[in-house]
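Subject: Structure handover

Hi there,

Here is the structure I promised to pass on. Please have it open while you read, as my notes follow below.

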Amino acid sequence: MTTATSAARDTYALSHLDVLESEAVHIVREVAGEFERPVILFSGGKDSAVMLHLALKAFAPAPPPFALLHVDTGHNFPEVLEYRDRTVARHGLRLYVASVQEYIDGGLLRERADGTRNPLQTVPLTDTIRLERFDAVLGGGRRDEEKARAKERVFSLRDEFSAWDPRRQRPELWQLYNGRHAPGEHVRVFPLSNWTELDVWQYIAREGIELPAIYYAHEREVFRRSGMWLAPGEWGGPREEEAVERRLVRYRTVGDMSCTGAVDSGATTVAEVIAEIAASRLTERGATRADDKLSEAAMEDRKREGYF
Amino acid sequence: MTSTTSLLRFATAGSVDDGKSTLVGRLLHDSKSVLADQLEAVSLASRSRGREGPDLALLTDGLRAEREQGITIDVAYRYFATPRRRFILADTPGHVQYTRNMVTGASTAELAIILVDARAGVVEQTRRHAAVAALLRVPHVVLAVNKMDLVGHAEAVFARTAEEFTAYATRLGVPEVTAIPVSALHGDNVVEPSRHMDWYGGPTVLEHLETVPVASDPSADPARLPVQYVIRPQTPEHPDYRGYAGRIASGVLRVGDPVTVLPSGLTSTITGIDVLGRSVAEAWAPQSVTVLLADALDISRGDLITPTATAPATTREITATVCHLHERPLTPGARVLLKHTTRTVKAVVRDIPSRLTLEDLSHHASPGMLTTNDIGRVLVRTAEPLPVDAYADGRHTGSFLLLDPSDGSTLTAGMAER
């Protein structure tokens, strides 16, 4: 190796965030190029906020050629809904909402005994995909989140029932993503597949991306259940024996209030959040998601049925 | 970790018997990349399977079928970081019936770790793994000679295996081999240097991963920009804006470069390059960019923008080494779709002149078909001319997929020859 080559190598070096961003933008542009009716799943959580940010950058100065789709469990954090509506308005985007509450009210879904609504999202989601004829659904899922997701493709083919069959996945080589699908089928696409929670936060810091306030430390009334701090709400908590107290907390993930726990935290800025995650001994799902603790293969089972 | 940390993609190949899962588990565990709740879940699952200690293989074998059968079926991606570097690990199964998975993992890897059992040395499977790494042009290969504790940490055993492997890999065209004696079970030379092998002065596996040069110098390669999408806002602020969006596949593009668009052959000059909102004078692989040209040309998705001075020839006849991926065999005469960069065209498999045995690199003439996991040479004729590079010159412009036109399945992965 000559010195000249080393110098050129330094000149053309890219940081890991640059490479991850370039890869994600490439994936988002492939979706725009290959599909007729793509949509971005937008929960108002940090991963979907990053994905929308990438889509805005990928097509600038034109608007991104995607609508947004939110699956509303009916038990969302009000701060997140407010953030969602403000973001949609600011960028002049179109928002579709699939409502779990409407399905329950109409008798199409039944409330679970434990009050958890995360698993109930699958039916309104897949119905909306079918009715609106979406052929590509961009999601913020990351392979580092969960062991079943570690085996997920970037372009993941779903049949007309939205089912995922891990044994029949298409091999994915180089950066050639195969989006071919039959009528009625669709493809779930995960541009953040190779990102970790820390990458997401470092990118939020670098790009100055706004998030719902609940990601930062705030005082909140919470109670303890299954080792997590849950927030009281219409969804049913707390039970009589569960004492409510006021604590300084923040959320690491954003989901249905019934199964998304807060963590004790004094981190009020992005930099403090990054320091806290770097030192954490728990994964974000382990710390804050009750729905993944149901069984060893809880996520795989939900994904097979059409979950994100 | 600062935001200037670099990224290394690497793949591991080996079987349970070589201690691959133990090595991967050790890398993750000793670099403190496994968190408390993951370890607790693994310990619980291990105990319910009647194992004594935590079985680190359960960290990577995520699917129900894999856990039930105790084998790795699919490529598992793992992520970890040290203060010096971020890593993406493609953990691939080693057995011959999963060759396609190793090919998949190797296709994006800049480094491959091939494991051998020190007691067995270089075996058939090792030669197959080396051949896959060579075929896919993985720039750096690491031979991890594992279970050194079971051969008394003997230098002679290591040296013999390293020498035999390096000679074989070099013959295959692997540019660089680094051999490391390890004991994954005890952690010797994985993250921490071994106290039992004073005779070894080289890096541990993790040290090597942290320091190996990540990318080659892009200015040495011809520039290639496959167009993914044409950005045309048609708004009052940008009535005439027309930007060509894509990810630079190789080389460096500069403002002022005279360029040719293929396959049309039209020419123009680069007047602007945007790297996601930043206007720049030059951009390089693997950046995602938007390029502006001096002339309003008819350019669409699937076209290739390339400096006129280094433009490739277009061809409708491609000879390639392929790995067949699908359960349905590939036969001469098959009508397929060929996906090359951002363009998909009709094609026909004209001939399958030979099948390759990876263990000894022998060619079998006219095999009649390629079945799952077979490596072979094929001749493909496309309906339209394509600007295909030799895979040896460009991983992204020299590779392609064959798809089934009826259901869209991915059938075969191909690497074009010169």
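**A tryptophan in chain A**

Trp195(A) sits in the loop between strand E6 (186–189) and H7 of chain A; helices (H or I, at least four residues) and strands (E, at least two) are DSSP runs, numbered from the N terminus. Before going further, please keep in mind that this is a predicted model, where local features need pLDDT of at least 70, side-chain atom pairs count only at pLDDT 80 or more, and totals for chains, interfaces and linings use all residues. Residues are numbered from 1 along each chain as its sequence is written, while chains are lettered from A and ligands numbered from 1 in the order in which they are written.

Is Trp195(A) buried or exposed? Trp195(A) is buried, with 27 other C-beta atoms within 10 Å. For the cut-offs, a residue is buried if 20 or more other C-beta atoms lie within 10 Å of its own, exposed if 12 or fewer, and partly exposed in between, with C-beta atoms placed from the backbone. Leaving aside neighbours within four places in sequence, Trp195(A) is in contact with Leu20(A), Arg142(A) and Val200(A); two residues are in contact if their C-beta atoms, placed from the backbone, lie within 7 Å. The C-alpha atoms of Trp195(A) and Ala24(A) are 9.4 Å from each other, although 171 residues separate the two along the chain.

**Helix pairs and domains in chain A**

Ala24(A) also takes part in a helix contact, together with Glu21(A), Val25(A), Val28(A) and Arg29(A) of H2(A), facing Leu54(A), Ala55(A), Lys57(A) and Ala58(A) of H3(A). Helix H2 (residues 16–34) and helix H3 (residues 46–59) of chain A pack at an angle of about 75°, with their axes 9 Å apart. Axes here are lines fitted to C-alpha atoms, for helices over the stretch in contact, and angles run from 0 to 180 degrees between N-to-C directions. H2(A) and H3(A) are therefore roughly perpendicular to each other; angles under 35 degrees count as roughly parallel, over 145 as roughly antiparallel, 65 to 115 as roughly perpendicular and the rest as oblique.

For helix H7 (residues 197–207) and helix H8 (residues 270–279) of chain A, the axes come within 10 Å and cross at roughly 165°. That makes H7(A) roughly antiparallel to H8(A). By class, their contact has 10 nonpolar, 1 polar and 1 charged residues. Ala, Val, Leu, Ile, Met, Phe, Trp, Tyr, Cys and Pro count as nonpolar, Asp, Glu, Lys and Arg as charged, and the others, Gly among them, as polar.

Chain A is divided into domain 1 (13–198 + 299–304) and domain 2 (213–293), with bounds from an automatic or database domain assignment. The centres of these domains, taken over C-alpha atoms, are separated by 24 Å.

Chain B has 8 helices and 23 strands, and buried residues make up 51% of its 418 residues. Of the contacts in chain B between residues at least 6 apart in sequence, 68% join residues at least 24 apart. Across the interface, 59 residues of chain B are in contact with 52 residues of chain A. The chain B side divides into 25 nonpolar, 21 polar and 13 charged residues.

Helix H5 (residues 99–107) of chain B is mostly covered, with 9 of its 9 residues buried. What covers them includes strand E1 (6–13), strand E3 (85–92) and helix H6 (124–135) of chain B. H6(B) in turn packs with helix H7 (residues 155–172) of chain B at an angle of about 35°, their axes lying 9 Å apart. The residues of that contact divide into 7 nonpolar, 1 polar and 1 charged.

**Backbone points to check**

Most residues other than glycine have a negative phi, and most peptide bonds are trans. Here are some exceptions:

- A cis peptide bond joins Ala60(A) and Pro61(A), with omega about 5°; Pro61(A) is in the loop between H3 and strand E2 (67–72) of chain A.
- Leu262(B) and Pro263(B) are also joined by a cis peptide bond, with omega about 10°.
- Asn189(B), not a glycine, has a positive phi of about 60°, and Asn189(B) is buried, with 27 other C-beta atoms within 10 Å.
- Leu276(B) has a positive phi near 50° and is partly exposed, with 18 other C-beta atoms within 10 Å.

Best wishes
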